[in-house]
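Dear colleague,

Please find below the structure that I am handing over to you. My notes on it follow directly after.

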Amino acid sequence: MDDLIKKTAKKLVLAKNVAALTGAGISVESNIPPFRGPGGIWEKIDPMQYAHIDAFIKDPVKVWDVLLKNMKEIIDLAKPNDAHLGLARLEKLGILKTIITQNVDQLHQKAGNTDVIEFHGNFAWQRCMKCNNRFETRKVDLTKLPPQCECGEIYRPECVFFGEMIPPDDIERSEQVALECDIMLVIGTSAVVQPAAHIPVLAKRSGATIIEINPERTPLTKNISDWIIIGQAGRIMNNIIAELEAFL
Ligand code: OAD
C-alpha cells in the first residue's frame, strides 16, 4: 500500500488537471452511514418505498418519518473528515480542480472545496413543489412534518429521488470534467448507480488515470481503475497528502 500511496502522490504532483468522483464512503468517517454494505441504509429500508419520488409524493410524512428525519439529524451534526479535508488541501495546492459528488451532505463545501458538482443534488435546502421558494433544511421543525411553504404546498428536499432525472447541466459538466482531467480520484463509491458510475469510464476512455480509494473492490476496479488503494479514505488521504507535500 505504501508504494501505491507514493505512486499516487507523485502522479498528483505532476498532473495538470485532477478531478474526483466521491460517494457515500467518503462521509462514513463523518458518521454518515453508506447506502450499501454493512450498516448501509438500503439494508434496513427499501429505497423504492422510501426514496422514490412517487413514494414521496404519495406519502411525504412516511418518507420524512422513516428516512429524511434521520438523515437531517445525522447531516446536521456531521463535520468534514480527513478525506474531505485532504481534497480541500489538494484544491488549495492547485492540484485538484473539480469534485463530482453523489453525496448530498455538502461536506466537501464545508471542507473548503469551491468547485463541487452535486450530481444527486443536496439535502441542505428544501424547495416548494409549487412556487419554488427555498427553505434551509437545518431550520425544518421536525414536529411539523412535512415542512410546508407559505403558499400552502409542501417542500421537498433538493436531492434527486429515485425515478428522477439528474439535472442535465450537472451531467453535461461532469462529462466535460471527465473528458478534460488527466487523473480522476474515485473515492468511497460502490460505482453501481448510473449515470454517476459511467463518469470514470468516460475519463478512462479519454486517457485519464483512474485511482480508486475504497476498502473493497468495485465494478470499476478490474477494467477501469489503474489501481486501487484499499482502505478507509481518511487515513489514505492523510498519507497521500504527507507524501505529496514532501515532493513540493
Ligand atoms: P454506496 O453506499 O453504494 O457505496 C459506498 C462505498 O463506500 C462502498 O464501496 C464502500 O466499500 C465504501 N466505503 C465504506 N467506508 C469507506 C471509507 N471509510 N472510506 C472509503 N470508502 C468507504 O454509496 P454510493 O456509491 O455513493 O443515490 O451510492 C450511490 C448512490 O446510491 C447514492 O448517491 C444514492 C444511493 O442510492 C440516490 O439517492 C439517488
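Which residue in E5 does Gln 126 stand opposite? In this predicted model, the residue facing Gln 126 is Phe 135 in E5.

The strands concerned are E4, which covers residues 121-128, and E5; they pair in the antiparallel sense over three bridges. Both belong to an open sheet of three strands, ordered E5-E4-E6, with antiparallel pairing. Strand E5 (134-136) and strand E6 (155-159) are the edge strands, each pairing on one side only. On average, neighbouring strands of this sheet are turned by 40° against each other, direction ignored. Helix H5, made up of residues 60-77, lies across E4 and E6 and runs at about 120° to E4.

I turn now to the ligand. It is surrounded by 22 residues, and the closest are Phe 35, Arg 36, Thr 189, Ser 190 and Asn 214. By class, this shell comprises ten nonpolar, nine polar and three charged residues.

- Arg 36 has a polar side-chain atom 2.6 Å from an oxygen atom of the ligand.
- His 120 places a polar side-chain atom 2.7 Å from an oxygen atom of the ligand.
- Asn 214 has an N or O atom in its side chain that is 2.7 Å from an oxygen atom of the ligand.

Taken alone, the ligand exposes 790 Å², of which the protein buries 92%.

With kind regards

How values were computed. Residues are numbered from 1 along each chain as its sequence is written. This is a predicted model: local features need pLDDT of at least 70, side-chain atom pairs count only at pLDDT 80 or more; totals for chains, interfaces and linings use all residues. Side-chain values use heavy atoms; hydrogens and water are left out. Two strands pair if DSSP finds at least two bridges between them. Helices (H or I, at least four residues) and strands (E, at least two) are DSSP runs, numbered from the N terminus. Axes are lines fitted to C-alpha atoms, for helices over the stretch in contact, and angles run from 0 to 180 degrees between N-to-C directions. Contact means heavy atoms within 4.5 Å. A residue is near a molecule or strand if one of its heavy atoms lies within 4 Å of it. A polar contact is a pair of N or O atoms within 3.5 Å; within protein, one must be able to donate a hydrogen and the other to accept it, and residues adjacent in sequence count only if both atoms are side-chain atoms. Accessible areas come from the Shrake-Rupley method with a 1.4 Å probe; for residues, only the protein chains shown count as cover. Ala, Val, Leu, Ile, Met, Phe, Trp, Tyr, Cys and Pro count as nonpolar, Asp, Glu, Lys and Arg as charged, and the others, Gly among them, as polar.
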